[in-house]
Amino acid sequence: MIALSGGVGGAKLAFGLARVLAAGDLTIVVNTGDDFEHLGLLVCPDIDSVTYALAGLSDRERGWGLAGETWGFMAALKRLGGADWFNLGDHDLAMHVERTRRLAGGRTLSQVTAELSGALGIAHRVAPMSDQPVRTFVDTDTGRMAFQPYFVRERCAPVVSSLDYVGAQDARPSPAFSEALARPDLSAIVICPSNPYLSVDPILALPGVAEAIRASGAPCVAVSPIVGGQALKGPAAKLMAELGAVPGNAAVAAHYRGLVDGLVIDAGDAADAAAIEAAGMAVLATASVMVTDEDRARLACECLDFAGRLV
Ligand code: FO1
């Protein structure tokens with residue numbers, strides 16, 4: 001099966017899926033629209049969030065980066081007057097340096113991601129959505145800006161009027177993504193509880209991806225990142241409102257209509273199910289907030305069962 005994932009929230013379900021599926025049965029395709037070149041290094045936040053989560057190394061409080069991190073590099077950089085708005089931990093830094101070095105040597109992002117996740121003991125396939133650069137830009141009331149300055153430096157405060165996935169039209173799905181989509185035994189596609197606009201849409205913006213998902217015949221289920229009208233983390237609800245939707249599961253369902261067969265929502269939002277089902281999308285209402293590893297594995301199993309029932 002294929003999991004489409006962004007960073008923090010998506011990585012939790014990706015971890016659960018990796019817990020319950022054999023390595024050969026799961027390809028985790030990760031958004032690269034958040035990637036950026038910083039201090040001469042290629043930083044791939046969502047790939048790293050998924051990689052660190054699967055390796056059991058992520059900082060669960062912060063939601064990104066490594067547990068037990070130290071910040072000597074940032075302190076030294078700040079002393080020199082360097083750009084200190086984006087925090088690269090001392091240990092995390094090794095990932096960006098080594099990735100950038102291997103890319104400069106001619107390897108693709110897919111190859112480097114497979115090598116580095118393998119080095120951390122991950123057996124499941126973690127693949128970038130594309131090997132060609134795609135960069136998310138936001139048009140806001142304070143101007144157009146790249147994703148990380150919007151997200152980290154401006155703390156998502158600017159009001160967004162539109163999003164642009166620059167490069168997507170000229171990019172191709174990565175080899176692992178294309179191969180997984182073309183597998184005749186593809187059993188399901190799960191869209192993790194990631195931000196639909198910032199994390200999933202860049203993947204769907206790649207030429208042919210939405211069509212291939214529809215043509216695959218495999219059931220496609222999405223896990224809503226909205227619980228009780230709020231995003232558990234990040235700006236999903238704020239963005240929805242700014243883009244003219246009422247933040248909630250109905251808006252997530254409307255966003256994915258025509259692509260997704262079933263939506264997983266939180267049990268506390270079960271009252272949302274009837275309207276979504278009436279509009280033609282199946283709904284599973286279950287405990288969708290993942291706190292423990294057991295929550296992650298249980299939700300993964302429930303998503304797979306739900307998808308199986310939609311065949
Ligand atoms: N998020 C922050 O809010 N502040 C940071 O300084 C920051 C640094 C950072 C470094 C490496 C990395 O892999 C992720 C990092 N993130 C940081 C998270 C990242 O900006 C976002 O969580 C994702 O791009 C959204 O999915």
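The residues that form the shell around the ligand divide into six nonpolar, two polar and three charged, as found in a model that is predicted. This shell consists of D34, P45, D46, W64, F86, N87, D92, F147, Q148, F151 and V152. Two helices, α2 (45-54) and α6 (147-153), each supply at least two residues of the shell, and the largest share, amounting to four residues, comes from α6.

Of the 540 Å² of accessible area that the ligand has on its own, the protein covers 89%.

The strands β6, β7 and β8 were examined next. An open sheet of three strands is arranged in the order β7-β6-β8, and its pairing is antiparallel. Because β7 (143-146) and β8 (160-166) stand at the edges of this sheet and have a single partner strand each, one side of each is left without a neighbour in the sheet. From one strand to the next, the twist averages 20°. Strand β6, which spans residues 135-140, is joined to β7 by four bridges, and the two strands run antiparallel; within β6 and β7, D139 stands opposite R144. In general, the strands of a sheet pair through backbone hydrogen bonds, in either a parallel or an antiparallel manner.

A further element considered was helix α8, which comprises residues 196-204. Nine of the nine residues of α8 are buried, and the helix is therefore largely enclosed by the rest of the structure. The buried residues of α8 are P196, Y197, L198, S199, V200, D201, P202, I203 and L204, where burial denotes a relative accessible area under 20%. The N-terminal end of α8 is capped by N195, a side-chain oxygen of which lies 3.0 Å from the backbone nitrogen of Y197.

Technical notes:
Residues are numbered from 1 along each chain as its sequence is written. This is a predicted model: local features need pLDDT of at least 70, side-chain atom pairs count only at pLDDT 80 or more; totals for chains, interfaces and linings use all residues. Side-chain values use heavy atoms; hydrogens and water are left out. Buried means under 20% relative accessible area, exposed over 50%, partly exposed in between (1.4 Å probe, protein chains only). A polar contact is a pair of N or O atoms within 3.5 Å; within protein, one must be able to donate a hydrogen and the other to accept it, and residues adjacent in sequence count only if both atoms are side-chain atoms. A residue is near a molecule or strand if one of its heavy atoms lies within 4 Å of it. Accessible areas come from the Shrake-Rupley method with a 1.4 Å probe; for residues, only the protein chains shown count as cover. Ala, Val, Leu, Ile, Met, Phe, Trp, Tyr, Cys and Pro count as nonpolar, Asp, Glu, Lys and Arg as charged, and the others, Gly among them, as polar. Two strands pair if DSSP finds at least two bridges between them. Axes are lines fitted to C-alpha atoms, for helices over the stretch in contact, and angles run from 0 to 180 degrees between N-to-C directions.
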